[in-house]
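Here is a short report to read alongside the model. Let's start with how its parts meet.

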Amino acid sequence: MSEPSVVVLTGAGISAESGLPTFRDKDGLWEGQRVEDVACPEAFARDPERVQRFYNLRRAALDTVEPNAAHQALARLQQAWPGRVTLITQNVDDLHERAGSTEVIHMHGELRKALCTHCGNRMIWLDDLHGSTLCPACGRRRGLRPDIVWFGEIPYHMERIDEAVGAAGIFTAIGTSGLVYPASGLVHLAKSAGARTLEINNTQTQVSGCFDRHLIGPATVQVPRWVEELIG
Ligand code: OAD
């Protein structure tokens, strides 16, 4: 019999020990900042420079951090598992890729990409963005925005995600509070497909009850432990 498909969903908690703040923990990104001021299309229309500043700071912060043992363990799992491993992340950082993961599904977009609202082109973008920045594809100004899925927008790659989760034998959610839909609903889809479900988090979450099994503790400890259990 072939090995079961593994689907891993990661959230901000997996990058916390690399030094990137989560959203909803104490000192998280949403503390002292209203989501609707920086993370929705209306905010960008109202005050684009404020939104660009928020993401410019976060993009620049990527230069100061490195992947941790949890990202590295998942890259090992992708290389060593004889079956299919699908890595879905809500994170907009690139720490999975820098740890060696090759196929990463970024359902909420990527900080190091820009999207032109004039011509629809997506491109790698490593510098700050401003209203005056020229789109290299269409040559127009005031169109480039971070390629991030904001509240009120539809997450990327949902068809691919639903297909993978619907065929999962093992579904593991790591470092996510499970409060943002549709990522939070994937555990139900996995269960209805017959998957064994595992939550790895440093604490209980509001959705812990939806999972069969829990590993509680820092991702840098619990993720390598779980990966060793699977691949030996
Ligand atoms: P949250 O900030 O909501 O949740 C982070 C989770 O990680 C919490 O459950 C923490 O307990 C856990 N955690 C923190 N440090 C950890 C560690 N060292 N080891 C293990 N677990 C740890 O972040 P997300 O669930 O990723 O969307 O948030 C989901 C989405 O909400 C984000 O993608 C973002 C945000 O609004 C957009 O910006 C579109």
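## Where the domains meet

Domain 1 and domain 2 bury about 1200 Å² between them, with carbon and sulfur atoms giving 58% of that area. Buried area here is the accessible area (1.4 Å probe) that two parts lose on being put together, summed over both. On the domain 1 side, L20, V92 and Y156 lose the most area to domain 2, together 44% of what that side buries.

This is a predicted model, in which local features need pLDDT of at least 70 and side-chain atom pairs count only at pLDDT 80 or more, while totals for chains, interfaces and linings use all residues. Residues are numbered from 1 along each chain as its sequence is written, and side-chain values use heavy atoms, leaving out hydrogens and water.

## Domain layout

The domain assignment, which is automatic or from a database, gives domain 1 as 6–20 + 66–108 + 155–231 and domain 2 as 21–64 + 110–148. The contact (heavy atoms within 4.5 Å) takes 16 residues from domain 1 and 14 residues from domain 2.

## A salt bridge

Between the two domains there is 1 salt bridge, meaning a side-chain nitrogen of Lys or Arg within 4 Å of a carboxyl oxygen of Asp or Glu. R112 forms a salt bridge with D94, and their closest N and O atoms are 2.7 Å apart.
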